[in-house]
Structures are given as structure tokens and as C-alpha cells.
Amino acid sequence: TCALPILELYGKRLGVIGFGNIGSRVGTRAKAFGMEVVTYDPYIKSSKATDLGVEYTKNFEDILKCDFITIHTPKNKETINMITKKEIDKMREGVVLINVARGGLYNEQDLYEALKSGKVRFAGIDVFTKEPATDNGLLDLDNINVTPHLGANTIESQEKIGIQAAECAILAAKGV
């Protein structure tokens, strides 16, 4: 169990890195809790964010000023180690970081040090650079919550995948 006091989401600022399918849904849900949401995603039109009442920024530094930061990007040359000590040093004291996208987007050693020092108050992680993360020092900390990297492995998502596969097979059989 976590001994940290519970934080209220209302009025807090959430930085969403990557505003595609998942990131935009996270932003919409966060607004329902009364959070101010700002997103950084150089690959979308700003209107995708602003039409949802989300602030769009081209300046990555704006994200680093948020109370909570969540990342929803693919893993590629641009995003591996997107958050390192350099970026963490620019963040607010007591920031909360979340990564449920891909392992390696946060530098895990730098995250470990920031969690130990308290610079990062709390982290929620379900993806690691190396999985399964059996020998990861992050697992020894009290101010992190880790969950299994399930991705599309829920009962419901597996059912949807099966239905989509069957529908595609039917269309292919019909020559469509």
C-alpha cells in the first residue's frame, strides 16, 4: 500500500505527450475531473486538441510545468528516453509521472533517482524497457504503482479482436 496522501485531480494541470487515439481519450477523461489539460504532439493538427477544449502547445517545456504528465507515444528514435534527468530537473517538485504506453520512453534510472529524491512524487507504470521487469529497481520503491502490461489482453479486447478478425474473414470470403 502507498503511504502517500491522496492528491486531488480537480484544478491540477495534466500534460499529455502524444494526443492520438489513447492520449486524446485520456485528456477528455481528465477534463471530466476538472483538470486543465495541455498536450504536446507535433504530428496532429492543433484543432484536434482545441476542439476538445484541450490546450495545444508546440513547446515541450510547457508539458514539463504540469502537475501530472502522461505519455502516449509510439516507441521510436524520437521518443526513446524522451524523459531523462534533463527534463525531470525542469519539472515541478512533486510531479506525478505516468507511462502506460511503451517501455523506454522514460529513462528508468533517471526516474528511479527522481522518485528516491522526491522530485517525482509518484509514478504509475505498466511498461518497462525490459519485460518482465523482475530485476528492476523501480519495483523496490514505495512511491510507484506498477501494473501488468496488458495492452489488448483484456477479455473484452480479445473478444473485439476476434469479432474484427471474423468480420474481415467474411469480407475476404465474399471478395470485398
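Helices (H or I, at least four residues) and strands (E, at least two) are DSSP runs, numbered from the N terminus. The views show a predicted model, in which local features need pLDDT of at least 70, side-chain atom pairs count only at pLDDT 80 or more, and totals for chains, interfaces and linings use all residues. Residues are numbered from 1 along each chain as its sequence is written, and side-chain values use heavy atoms, with hydrogens and water left out.

**View A. Helix α6 and the glycine that follows.** Helix α6, made up of 19 residues (155-173), reaches 27 Å from its first C-alpha to its last, close to the expected 27 Å, where the expected span is 1.5 Å times one less than the number of residues. Just after α6, Gly 175 takes a positive phi of about 80°.

**View B. The loop between β4 and α4.** Ile 80 is found in the loop between β4 (68-71) and α4 (85-90), and with 43% relative accessibility this residue counts as partly exposed (buried means under 20% relative accessible area, exposed over 50%, and partly exposed in between, with a 1.4 Å probe and protein chains only). Leaving aside neighbours within four places in sequence, Ile 80 is in contact (heavy atoms within 4.5 Å) with Lys 75, Gly 104 and Leu 105. Asn 81, which has its place in the loop between β4 and α4, has a positive phi of about 55° although it is not a glycine, and at 34% relative accessibility Asn 81 counts as partly exposed.

**View C. A cis peptide bond.** Most peptide bonds are trans. The bond from Glu 131 to Pro 132, however, is cis, with omega near 0°, and Pro 132 lies in the loop between β6 (120-125) and β7 (144-146).

View D. The structure holds six salt bridges, each being a side-chain nitrogen of Lys or Arg within 4 Å of a carboxyl oxygen of Asp or Glu. Within helix α4, Asp 89 forms a salt bridge with Lys 85, the closest N and O atoms being 2.8 Å apart; because the two residues are four apart in α4, about one helical turn separates them. The side chains of Lys 119 and Glu 93 also meet in a salt bridge (4.0 Å, N to O). Lys 119 lies in the loop between α5 (108-117) and β6 and Glu 93 in the loop between α4 and β5, so this pair ties together parts that are 26 residues apart in sequence. Lys 119 is buried, with a relative accessible area of 15%, whereas Glu 93, at 60% relative accessibility, counts as exposed.
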